[in-house]
Structures are given as C-alpha cells and as structure tokens.
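Me: I would like to learn how to read helices and their packing in a model. Where do we start?

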Amino acid sequence: MASGTLTATEYITHHLTNLKWCSEAAKVDGHCHGFWTLHLDTLLVSGILGLVVFGFLAKIASRATAGVPSGWQNFFELVLTFVDQQVKDTYHGKSKLITPMAITIFIWVFVMNAMDLVPVDFLPVTASAVGVHYLKVVPTTDPNLTFAMSLTVFGIMIYMNFAVKGASGFAHEVFTAPFGAKLAPVNLLFRIVEDIAKPISLSLRLFGNMYAGEMVFILIALLGIWQLPLALPWALFHILIITLQAFVFMMLTIVYMSMASESH
Amino acid sequence: MSINATLIGQAIWFAVFIWITMKYVWPPLQKAMADRQQQIADGLAAAERGKHDLELAEKRSVEAMREAREKASEMVAAGDKRGSEIVEEAKAAARVEADKIVAAAKAEIEQEVERARAALRERVAELAVSGAERILKREVDAKAHAEMLASLKQEL
C-alpha cells in the first residue's frame, strides 16, 4: 500500500532504490554516484541468505550418514542428486568444480528469488522503522548481482577452455570453427560475439525476470483492497518462475562449461 | 540500476559459497550417498547369497531325509528279521522244554502206575481171602494159609 503522502511513482521508485553506501568524498550532492558505491541491501541480503542456507547445508552434510537419511538430509540429497544428474547428463569433463558450482547457483539463486514472495512492504517498512530508509529486498533484481555471477561463470568458462584444450587448442578452435581456417577473422568475430553473449544473456535473463516479477508485486500492492485477490495468484505463479529461473541459470552454466571442455 | 563495486562484492560472495559447497557440502553428502549405495549393493548381494545358501540347505535336507528314510527302513527290516529269529529260537526252546516236561510226566505216571499196581496186589490178597471166607462160610486161619497167599501174591 502506498503510505500517506507518497504518489504511486514515488512508491515504486522507493521500492526499486538500493540502499547505497560510499565514502563521503565520493558523494555528489549528498548522493552516491560512480563505481565505488556499494549496494548494502543486495550484499547483505544475498550474503546472509547464502551463509544461512549453505551453513545449514554444511551442517547437514557434516552429520550425513550412510544409513537411513532423515528429514533435511533426505531433502537435500534429493535436490543435490537432481542437480548432479543434470551435470552428469550434460558435462562429461573431469572437473570437480562443476557440480558444486551448479549446486551453489541453483540453491542460492532460488533462495534469493524466493525473497520475492515476502510481501513487498514487509521488510522495507520494518527497515525504515529502525532508520534504514531504502531496502530493495530481492537481490536478484540488482544487475550487479546477476552480472557478478555470470561474469564469474564466464571467467571459469575461459579458464576451462585453456585448462582442457590448452592455449593452442583453444586458439585453434577460436580461429577455425565453424568455417575453417580460411575464414579465420570471421570465425574470431563469431566466437567473440558468441562468448560475450553468454554472460550478458545469462545475467539479463535472471535480472529481467525477477525485476519484472517484483514490479508486478509492487503494482499489485498499489491496488488497495484489490491486491488481496491478486497477490496470492501472482505469488503462486511466481513460485514457478523463481524455481525456473534458478534452474535455467544453473543449466546454462553447465552447458557453457561442457562447451568449454569439449572440442568442436 | 547502475553497475558499481557491488559487482565485486557479489563475485566474492559467489566464490565463497562455491567454496563452501565444494569443500563442506557436496563431498560429505556424495560420500554418504555412495556409501549407502555400497551398503544397499552389499545387502542385495548378501540376500542373494542367503537365498543361494537356503537352496543348497534345502537340497541337503532333502538328501538327508532320504538317507534317514533309507536307514530307517533298513533298521526296520533288520528288526523284523531279528524278531522272527528270536521267535524261532523261543519256539525251539519251548519245544525242548515241553518235551522234557512231557518226559518227566510220563516217568511220574509210570511210577504212579507201579505204585497203584503194588497197592492193588496187597488189596487183591485181602479180597481173595474175604471172598474165600464167604464162600467157605467159616473162619479160615490167615496164619495157616499165609504161605499159600504169599505165593499167590507173587503170581499176580
């Protein structure tokens, strides 16, 4: 609900503004601009969620028994086996990094996306009650996060290319695929476009979906009493989207890794 | 929505969580699952072995039962044979005993007859005398005729 004096535009803008932090010297007109700004809400929410869920997972794993698995161990074994199966089906290399990375992506993106399901005003109003005036709750609606993940994946992908094929093998592939050695410049151009498109599409897909989803939640929240019949169906529908987006990010990462470790 | 230093922070978070998963989450869970798989495989193998053993034991027990039955019928046959032997022996012994008893009885009867014959001899003399007395209607001197009566006794 729009509170008091805020107009609809101000309400929406307020919800989509990050809690920023920068040094006093970097401030222009009392606001943070430029590269050396931190989105504290994104960093903290994603960090706390990650620490809680992966801490919990590590605790479960440390107590894991080969006997009859109980409760959470059973559940996480199911999830992790599912992810591992996806990796096994797609990626045929030897790297021990891929499965943990896929697990991290799937679970972390899922819990961050799931913050979408917390009623839009709940955390920002709570935060403003303790003096924090901006709070963007869903970390995946911050392109900084999605790009950080996709660029990390991109970096690992480049590393895998070198590690598996060697510098000469990688260069050979870049210059000769898909049109052969005679069209080397065209091949290089294609390869650059192809590889740069990967992290961009990966991050913008997640960001776009979650941003749009959050926007719809905010718009529904503006409808007064009519939000009641609308918020629930959208939230239910959104459960599908948050899971799907986590899965897509994970799956594409696995596909990129498998492409990086297999010769054309 | 501007790209800024948050990017670096998020990349660090991402790396930290990958590291946690890689070191503390996936390997122990994977190990637990692999161990369980091994246990289940062992269990199934043991069950298979048990089934095989059971089959063998069943075969052995059938064999043992057959042997026992054969032995039992052998023993029954031997027992029967022995039994009829004993009966035969007993019959033979009884026959010998019966012969003996019969012989003894016969001997006794002979003696008894002999004794009766002697007694009869005694009585015949008296009867003859008393008969003679009645015939003669007079007292016969027993002493006077004793010699004649004794010779008569000898003739009987």
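Reply: With a definition: buried means under 20% relative accessible area, exposed over 50%, and partly exposed in between (1.4 Å probe, protein chains only). This is a predicted model, where local features need pLDDT of at least 70, side-chain atom pairs count only at pLDDT 80 or more, and totals for chains, interfaces and linings use all residues. Residues are numbered from 1 along each chain, chains are lettered from A, and side-chain values use heavy atoms, without hydrogens and water.

Me: Which residues of α3(A) are buried?

Reply: In general, an α-helix has 3.6 residues a turn, so residues three or four places apart point the same way. Here the buried residues are A:Gln73, A:Phe76, A:Glu77, A:Val79, A:Leu80, A:Val83, A:Asp84, A:Gln86, A:Val87 and A:Thr90. Contact means heavy atoms within 4.5 Å; the cover over these residues includes α2 (40-62), α4 (98-114) and α8 (227-260) of chain A, together with α1 (6-136) of chain B.

Me: How do α2(A) and α1(B) pack, by angle and axis distance?

Reply: Two packed helices are described by the angle between their axes and the distance between the axes. For α2(A) and α1(B) the angle is about 5 degrees and the axes are 9 Å apart. That makes α2(A) roughly parallel to α1(B) (angles under 35 degrees count as such).

Me: What residues meet there?

Reply: Among them are A:Phe54 and A:Leu57 in α2(A), and B:Trp13 and B:Phe17 in α1(B).

Me: Is A:Met210 buried or exposed?

Reply: A:Met210, in helix α7 (residues 184-221) of chain A, is buried, with a relative accessible area of 0%. A:Met210 touches residues including A:Thr140, A:His238 and A:Ile242.

Definitions and conventions. Helix = DSSP H or I, 4+ residues; strand = E, 2+ residues; numbered from the N terminus. Axes fitted to C-alpha atoms, helices over the stretch in contact; angles between N-to-C directions. Parallel < 35°, antiparallel > 145°, perpendicular 65-115°, else oblique.
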